[in-house]
Amino acid sequence: MGTVFDGLLRPAIGAASRSERLEHASQQWSVTERVVRRFVAGESLPDVISTVVDQLTDGVAVTVDFLGEDTVDEARAHATVRAYLDLLDAMPASPENADGSLEVSLKLTALGASLPEHGDKIAEENARTIVEAAHRRGILVTLDAEDHTTVDRRLATVRSLRDDFPDTGTVLQAYLRRTEDDCAEFAASGARIRLCKGAYAEPAAVAFPERRQVDDSYLRCLRILMRGNGYPMVASHDPTMIQAAAILADEFGRTPDSWEHQMLYGIRVDEQRRLAVSGARVRVYIPYGEQWYGYLVRRLAERPANLGFFLRALVSG
């Protein structure tokens, strides 16, 4: 199943994530709302704040993503900034904020990085506006990964932001061949790094094509991060990686507050709670907003189990 999924289904799903025709069609399906609710915490600010409060009550930290990417309109990029500032203002205020339980995740292309003129500059300025506002409220910020063509620009922005806000984090994707070197750099600098396997369709020249290769890369990168000076964020639902993280944390003498597990909203909820009850730090990635299509399709591309859930929903719908 894995070979068929990786070789045939994953590329097809990746192509679907970029199809405007399929996006429009999916919004007309009656089953879509039920599937979206599984992975996305609603479309409105009150929806996501309610979900955040529920997660915090259950002892789980959160990171919130206002969905959207590949913005080519400057006004829309500024609207995304406004949405994040409103989100930060609406986040529950409590003394616990200082412990890092609240975080937001940003995509630079949603902030203007793809604009035809001065996109990188505009995106960095917009990101800095959000980071400054988050810092004032004791809320963390992580710059999300996108496809491989954006990595150099994103990491340059992260370095710039960390000069003034050292707790700004970012994401490294184990399926990219370059990621071990990036892990070494950011682990040495003491950065917060979310390590994930990767969800974009990438050419074999830049990304490992086989699941076994990606898993091996993830374990190598995880060792680098656990051995380093930073704060590893282990973004995986894979039981092997979850177990490996605990073993490596013990090997390198890490305390529970010096690293964390991260999982997606709606996936392996029982495991999220089990880890939290065991004393591990767990953070749930909570997306919300109207631009859910690309995010949802990438979730289907990540794991056969996600695709199975979607197909079962179609049959039952």
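User: If buried means under 20% relative accessible area, exposed over 50%, and partly exposed in between (1.4 Å probe, protein chains only), is Glu260 buried or exposed?

Analyst: Glu260 counts as buried because its relative accessibility is 0%. This is a predicted model, where local features need pLDDT of at least 70 and side-chain atom pairs count only at pLDDT 80 or more, while totals for chains, interfaces and linings use all residues. Residues are numbered from 1 along each chain as its sequence is written, and side-chain values use heavy atoms, with hydrogens and water left out.

User: Which side chain does Glu260 meet in a salt bridge?

Analyst: Glu260 meets the side chain of Arg283, at 2.7 Å from N to O, where a salt bridge is a side-chain nitrogen of Lys or Arg within 4 Å of a carboxyl oxygen of Asp or Glu. The pair links distant parts of the chain, since Arg283 lies in strand β8 (residues 282–288) and Glu260 in strand β7 (residues 260–264), 23 residues apart. Arg283 is also buried, because its relative accessibility is 2%.

User: OK, and how many salt bridges are there by that rule?

Analyst: The count comes to 22 salt bridges. One of them joins the side chains of Arg192 and Glu103, at 2.2 Å from N to O, and it links strand β5 (residues 192–196), which holds Arg192, to strand β2 (residues 102–106), which holds Glu103, across 89 residues. Both of these residues are buried.

User: Switching topic, how many helices and strands does the protein have?

Analyst: The protein has 13 helices and eight strands; helices (H or I, at least four residues) and strands (E, at least two) are DSSP runs, numbered from the N terminus.

User: And what share of contacts joins residues at least 24 apart?

Analyst: Taking contact to mean heavy atoms within 4.5 Å, the share is 74% among contacts between residues at least 6 apart in sequence.
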